[in-house]
Amino acid sequence: MPSGRVLDVDRDVTSLLELTGVDKTFVTDRGPVRAVRRMSMVVGKGEVVGLVGESGSGKSTIANLVLGLEHADAGRIRFLGRDVGEWLDKEEARYRQAVQAVFQHPFQALDSRKRVGWLVAEPLVIHRRGNSKSRAERVRELMADVHLDPSLVDRYPHQLSGGQAQRVNIARALALEPSLLVCDEPVSALDVSVQAQILNLLLEINRERSMAMLFISHSLPVVRHLSDRIVVMYAGTAVEEGPGGEVSDRPTHPYTQLLVSAASVVTGDHGQPRGTMREAIPSVGCRFVPRCPVAIDRCSSEEPSLDELAEGHSSRCWVASDPALRAEVG
Amino acid sequence: MVEDLTVTYPGAGRPAVKGVSLEIESGRTLAVVGESGSGKTTLALALAGLLDRRARRRASRLEINGENLLAARRRRWRQLRRTDISFIFQSPINSWNPTRTMIAQVRDAMSAAGHAGRMPELLDLLGRVGFEDPERRLADLPHQLSGGMLQRVSIAVAVIIEPALLIADEPTSALDSTVQSEILAILAELRSEADLAMLIISHDLSVVARVADDVMVLYGGKVVEQGAQAAVLGSAVHPYTRGLLDSVPRLDRDRKTPLPSMEPGHLPAAGCPFAPRCRLVVDDCRRAEPELIPVDATLAACPPAASSTLIAT
């Protein structure tokens, strides 16, 4: 075994990853798009945090910011108490070892001209871990960890199934024993029967290595299944946050409630409306107003704050945070 | 309407599609569910006359709009694809010529279908499906539009020519996962307005639940279960269908526990294609290929499941 984790995650900081008031605006040919607005969230050590939201909610931008692929316009992103920008300036290699990622399309993330053994060893080579003999041994271990048959070591990506290719990506991500694994829609492109296998593998990795994960998905059931805590994003910011079971079983924000009703579709109960299609997002007040079944006047003029309604369970909704109003709308 | 369709690719041991029969009435949607290698795409290509020249096709009936197409030549198929059969492919960017503007390609498609005069209607329809400012944006080349936008154009053109049959092969799986539900809502809405028969191919059960009236589950080229959507998703009989449904995370399931997952398995040379992965397998399954028989509310090709269901009830 190599020396283990490069970063001392037991250092005296409370959280592994912490975002505070993060803003990110993209300039497009149709004007600026504020992808992330005053976003705050925390991932604790060994914790799986699920980030759920629809297309354009800003969830993948969060992943890119954490991975240093984009830079925030404002706010702070800290890893082990230190700004990500500082990590990347001073100790980029250590940060890249500590924070690894798995993406949606398994084949796009793999060099099609390289064999599986080479692909799994690549992170070790880049970070100068061991010699060729110890690396070959480590590749075998990693392939066993992700339940890849050792005989696949000489295959090229096109000779793999989607599930096998995603296992190769996970093995690559695990090679350097990261403290945080960022997973951006890691099962959305896979066949249904393969999705369950990959989700089970991620659960196993989290349990056995107490590796923290930022797990990003549009699917509330998938996020709920894996996560210790759930953060629901809408139009660039967190609208609800809390323990995994609480947010999905007792949603307080009307957008989370919409996600819950949409998720009951597969269970056969699909008389539910899907909610309206993406409306123009207002620039003042609550961004969800055009789709909200319970909006009051105040919602259009003043954006709600993220208020704690129960232990560790917060919601950004004027109606949810007011017991009288909540009783009224049922 | 197809009866007993079998398609074999040269050099392949087993047929890609074997003995499949289906019928879709206009105004209805049939979803074909299956994983990679199940034969679902081959089935769709056969229905659109798009099979590889070397593929061997056999069927006892193949009709669209009442026309017998068993002996139809490529030319007739080409004509049908302009006017009567629309196809929406998985990859929106590969469906369009990268070197020509969208408007030029859309115009060509419309006039080939004999609907050149209906451009204004198409622009209206595009606006309705969330394609903003269609007149200006269609002047762009395909790569200047997002996958979701391109797929909206594919769908609008596919629907407006009023085909008898619309085939959508994984129309949302190449898209950013969350544009999917918007595209599905559009498909469902336009399909019911246009009163056409739709065949949608998908491996995603939530897609199926949202758009399909009827469901056909393919495994190893064979239909293993079929029936009304609510019956197949709600009270599936075949162990493969049940396995698919069980492996999906649900809101009413224990969190952070392993999901029941079906281990991969090879396709056997004889017998039930699912036998190597099946938990109900008995010796007979490896000898003869089971036929579809009515069990509960669906048709299922699984004698062991059928007899245990009968005993249970």
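**Strand β3 of chain B**

I looked up the burial of strand β3 (residues 29-33) of chain B in this predicted model. Five of its five residues are buried, so I note the strand as largely enclosed by the rest of the structure.

Next I looked for the pairing partners of β3(B). Strand β9 (residues 197-202) of chain B pairs with β3(B) in the parallel sense, over five bridges. Within β9(B), Met198(B) stands opposite Thr29(B). Strand β10 (residues 214-219) of chain B also pairs with β3(B) in the parallel sense, here over four bridges. Met216(B) in β10(B) is the bridge partner of Val32(B).

**Contact of chain A and chain B**

I turned to the interface and recorded 41 residues from chain A and 40 residues from chain B in the contact. The buried area between the two chains is about 3,600 Å², with carbon and sulfur atoms giving 54% of this.

I searched for salt bridges between chain A and chain B and counted one. Asp228(A) forms this salt bridge with Lys256(B), and the closest N and O atoms are 2.8 Å apart.

On the side of chain A that touches chain B, the elements giving two or more residues are α7 (192-209), α8 (220-226), α9 (244-249) and α10 (254-263) of chain A. The largest share, eight residues, comes from α7(A). I sorted the residues of that side into 15 nonpolar, 16 polar and ten charged.

Note on methods: Residues are numbered from 1 along each chain as its sequence is written. Chains are lettered from A and ligands numbered from 1 in the order in which they are written. This is a predicted model: local features need pLDDT of at least 70, side-chain atom pairs count only at pLDDT 80 or more; totals for chains, interfaces and linings use all residues. Side-chain values use heavy atoms; hydrogens and water are left out. Contact means heavy atoms within 4.5 Å. Buried area is the accessible area (1.4 Å probe) that two parts lose on being put together, summed over both. A salt bridge is a side-chain nitrogen of Lys or Arg within 4 Å of a carboxyl oxygen of Asp or Glu. Ala, Val, Leu, Ile, Met, Phe, Trp, Tyr, Cys and Pro count as nonpolar, Asp, Glu, Lys and Arg as charged, and the others, Gly among them, as polar. Buried means under 20% relative accessible area, exposed over 50%, partly exposed in between (1.4 Å probe, protein chains only). Two strands pair if DSSP finds at least two bridges between them.
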